[in-house]
Amino acid sequence: MASIRTWFAVLAMVWTGLVAAAEMETVNINTADAETMARVLNGVGLKKAEAIVQHRETHGRFDSAADLTAVKGIGESIVEKNADKIVVSEMPAEKQKASSGE
């Protein structure tokens, strides 16, 4: 009987892990809007997310997640706890031109 309980416990843990992994949402900090960043990133509310967007529009794309620390209110701890959710990729060409003032 104990082995059946153990088997069900293991299956439950595996299932929980698979569901959690499948539900992990990521956000591209070079393209996402403030609402999306606020929803996905832990410790980032709408005001901080808006500051990220403003920084991106003023200074251009982020080259790494660590670049977020240049945004007021975003520290290393926020970047670290969201490392698995932050994606950094190229901005679409039209947004790059707008950011660079062309």
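1. Let's start with the charged pairs: this structure holds 2 salt bridges, where a salt bridge is a side-chain nitrogen of Lys or Arg within 4 Å of a carboxyl oxygen of Asp or Glu. Before going on, keep in mind that this is a predicted model, in which local features need pLDDT of at least 70 and side-chain atom pairs count only at pLDDT 80 or more, while totals for chains, interfaces and linings use all residues. Residues are numbered from 1 along each chain as its sequence is written, and side-chain values use heavy atoms, with hydrogens and water left out.

2. Arginine 39 pairs with glutamate 25 in a salt bridge, and their closest N and O atoms are 2.7 Å apart. Arginine 39 belongs to helix α2 and glutamate 25 to the loop between α1 and β1, so this pair ties together parts that are 14 residues apart in sequence. Helices (H or I, at least four residues) and strands (E, at least two) are DSSP runs, numbered from the N terminus. Arginine 39 counts as exposed because its relative accessibility is 54%, and glutamate 25, at 37%, counts as partly exposed. Here buried means under 20% relative accessible area, exposed over 50%, and partly exposed in between (1.4 Å probe, protein chains only).

3. Arginine 61 and aspartate 63 also meet through their side chains in a salt bridge, at 2.5 Å from N to O. Arginine 61 is partly exposed at 26%, whereas aspartate 63 is exposed at 57%.

4. Now step back to the whole protein. You can count 5 helices and 2 strands, and along the sequence they follow the pattern α-β-α-α-α-β-α. Of the 102 residues, 25% count as buried.

5. Which residues does valine 44 touch, leaving aside neighbours within four places in sequence? They are Met37, Ala38, Ala49, Ile52, Ile74 and Ile78, with contact meaning heavy atoms within 4.5 Å.

6. Asparagine 28 sits in strand β1 (residues 27–28). Is asparagine 28 buried or exposed? At 15% relative accessibility, asparagine 28 counts as buried. Not counting residues up to four places away in sequence, asparagine 28 touches Val87, Val88 and Ser89.

7. Tryptophan 7 is part of helix α1 (residues 2–22), and its relative accessibility of 54% makes it exposed.
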